[in-house]
Amino acid sequence: MKGVFSAPGDFVHFKSQVPLHKIPQLQFLFLSHSQIGTKQWRYYDFGPKVVPPLICLPGTAGTAEVYYKQIMALSMKGYRVISVDIPRVWNHHEWIQAFEKFLDAIDVHHIHLYGTSLGGFLAQLFAQHRPRRVRSLVLSNTFLDTHSFAAAMPWAPMYVVIFLHIDWGILFPDMPNLPNGGIASCSVSWTPSFLLKRYVLTGIHDGPHEPFIADSVDFVVCQVETLSREDLASRLTLTADSASVGNLLLSDSHITIMDTNDYCATPQQLKDQLSERYSGARQAYMKTGGDFPFLSRPDEVNLHLQLHLRRVGVEAQPDLVRGISRDGSGGDPSESNDRKEDSDNPPQDDEGNFESPSTESQLPAPESSEPHSLNELPLSTAKCCFAGQGDAVILLPFPLLREQITVSEILLQLTLVTLVPHLVGWINANYESYKKSSRILRIIRGKDE
């Protein structure tokens with residue numbers, strides 16, 4: 001990895017053009033924290049609102065920002081893309097309810113989900129329990145169950161010894177019982193932030209990378225640094241919470257599996273199980289890409305996403321896209337094209353023949369020969385002025401000369417510059433004479449006394 005990371009130029013442009021939205025949730029009880037807190041949804045929403053959105057769910061180490069290349073590319077083609085952060089939820093049932101409320105808050109009913117790693121697993125769970133809302137799935141480097149991750153979690157023995165005999169139904173009779181793995185949040189939430197970050201980053205393949213893969217790893221590592229301890233603990237809890245995806249009502253023809261063939265944090269055995277479960281799904285494999293192909297291979301990923309959306313019947317609306325220029329000004333691409341055509345095509349006469357632009361239209365308009373008044377004459381070309389007072393020469397400041405200053409303003413400046421020194425000299429001379437006369441009067445008075 002690089003020692004010093006600087007944000008890519010296209011990401012800086014993305015941040016300056018696409019706004020970040022935040023939706024605070026009502027207060028709720030953290031079962032694993034035993035305290036009152038708030039959930040907040042962070043997300044980017046870009047593209048025509050009339051198009052059913054493609055919602056991107058990141059993995060454990062991802063944020064809403066990691067899909068910025070998909071947002072910029074697909075939205076310009078007429079698709080609506082929403083990228084979200086996984087909020088602080090502590091079991092899968094809470095995730096399903098929170099995500100459904102989020103969709104209601106942004107007034108979205110039918111969605112297409114694109115999830116990587118943990119995000120792909122959560123997308124499958126939501127499609128299983130809310131089949132009417134999910135129209136299709138794109139799964140990348142993900143899995144069907146979390147049992148292997150729960151067994152490998154270093155904090156697992158702690159909660160087994162401490163919380164083995166706790167009956168959560170007695171403690172919280174008004175709330176659904178937590179699954180056994182959900183108790184792991186108690187120990188994970190107590191873990192210091194640097195240990196959680198170390199555990200997350202150890203899952204990323206360490207070794208020599210191709211330049212584009214190394215850049216994607218650096219970008220994600222930078223995003224991990226922005227996550228709080230509660231965010232990391234929540235995501236690791238969802239990973240360690242033993243659960244599996246059941247049968248989906250969604251047809252395999254509406255599922256695309258997009259994996260990389262080089263390496264990733266998800267074991268190959270789990271990826272093979274996913275392919276066997278959805279045997280009728282479209283297979284889209286990339287030769288390289290690492291853990292984050294959406295950053296390292298954005299062109300290939302965007303192409304597969306676009307083909308998937310077309311195959312499931314999503315119609316892009318490029319006519320509704322407002323173009324974004326580098327200077328931040330937006331506009332309809334058709335209008336800009338019309339303006340470009342008008343500027344490129346020469347004008348036509350009444351008979352339809354093209355007219356070559358005349359020489360007079362290309363030359364700047366001549367200045368008026370009428371004499372200006374004294375106050376309207378600019379002296380921007382003047383460099384110095386001679387005041388005519390002996391050998392005195394008044395040089396005007398150069399910044400002053402670059403402005404359009406009238407003659408009256410210059411004369412006022414000259415008056416101040418020339419008269420003020422004379423006035424000061426006259427005052428000094430009179431003051432000296434006054435002091436001499438006062439001294440003489442004191443001497444005379446002393447002699448008279």
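Which residue forms a salt bridge with R297? The partner is E300, the closest N and O atoms being 3.9 Å apart; this pair and other details of the chain are described in the legends below.

The structure is a predicted model, in which local features need pLDDT of at least 70 and side-chain atom pairs count only at pLDDT 80 or more, while totals for chains, interfaces and linings use all residues. Residues are numbered from 1 along each chain as its sequence is written, and side-chain values use heavy atoms, with hydrogens and water left out.

**Figure 1. Overview of the chain.** The secondary structure comprises 18 helices and 14 strands; helices (H or I, at least four residues) and strands (E, at least two) are DSSP runs numbered from the N terminus. Of the 449 residues, 43% count as buried, where buried means under 20% relative accessible area, exposed over 50%, and partly exposed in between (1.4 Å probe, protein chains only). The chain exposes about 25200 Å², of which carbon and sulfur atoms supply 55%; accessible areas come from the Shrake-Rupley method with a 1.4 Å probe, and for residues only the protein chains shown count as cover. Among contacts with a separation of 6 or more, residues 24 or more positions apart account for 76%, a contact being heavy atoms within 4.5 Å.

**Figure 2. The open sheet of eight strands.** The strand order is β1-β4-β6-β5-β7-β8-β9-β10, and the pairing is mixed; two strands pair if DSSP finds at least two bridges between them. At the edges stand β1 (20-24) and β10 (282-286), each of which pairs on one side only. From one strand to the next, the twist averages 20°.

**Figure 3. Strands β5 and β7 with helix α4.** Strand β5 (residues 54-57) and strand β7 (residues 111-116) pair in the parallel sense over four bridges. C56 has Y114 of β7 as its bridge partner. Helix α4 (residues 118-129) packs on the sheet and touches β5, β7 and β8 (134-140). The direction of α4 makes about 145° with that of β7; axes are lines fitted to C-alpha atoms, for helices over the stretch in contact, and angles run from 0 to 180 degrees between N-to-C directions.

**Figure 4. Surroundings of T116.** T116 is placed in strand β7. With a relative accessibility of 6%, T116 counts as buried. Not counting residues up to four places away in sequence, T116 touches L57, P58, G59, Y67, S140 and F294.

Figure 5. The loop between α1 (9-17) and β1 holds P19. P19 counts as partly exposed, at 42% relative accessibility. When neighbours within four places in sequence are left aside, P19 is in contact with Y43 and Y44. P19 and Y43 are 24 residues apart along the chain, and their C-alpha atoms are separated by 8.9 Å.

**Figure 6. The salt bridge between D231 and R88.** The two side chains meet in a salt bridge (2.8 Å, N to O), defined as a side-chain nitrogen of Lys or Arg within 4 Å of a carboxyl oxygen of Asp or Glu. D231 lies in helix α11 (residues 229-240) and R88 in the loop between β6 (81-84) and α3 (92-105), so the pair ties together parts that are 143 residues apart in sequence. D231 is buried, with a relative accessible area of 17%, whereas R88 is partly exposed at 26%.

**Figure 7. Further salt bridges.** Side chains of opposite charge can pair when their charged atoms come close. The structure holds 13 salt bridges. In the pair of D45 and K49, the closest N and O atoms are 3.2 Å apart. D45 is buried, with a relative accessible area of 8%, while K49 is exposed, with 51%. In the pair of R297 and E300, R297 is partly exposed, with a relative accessible area of 24%, and E300 also counts as partly exposed, at 33%. Salt bridges that share partners join K15, R42, E65 and D85 into one network.

**Figure 8. A nonpolar patch on the surface.** L423, W426 and I427 form this patch and together have about 350 Å² of accessible area. Patches are made of residues with over 30% relative accessible area and no salt bridge, like charges being joined within 9 Å and nonpolar side chains (Val, Leu, Ile, Met, Phe, Trp, Tyr) within 5 Å. W426 is placed in helix α18 (residues 407-448). The relative accessible area of W426 is 55%, and the residue is exposed.
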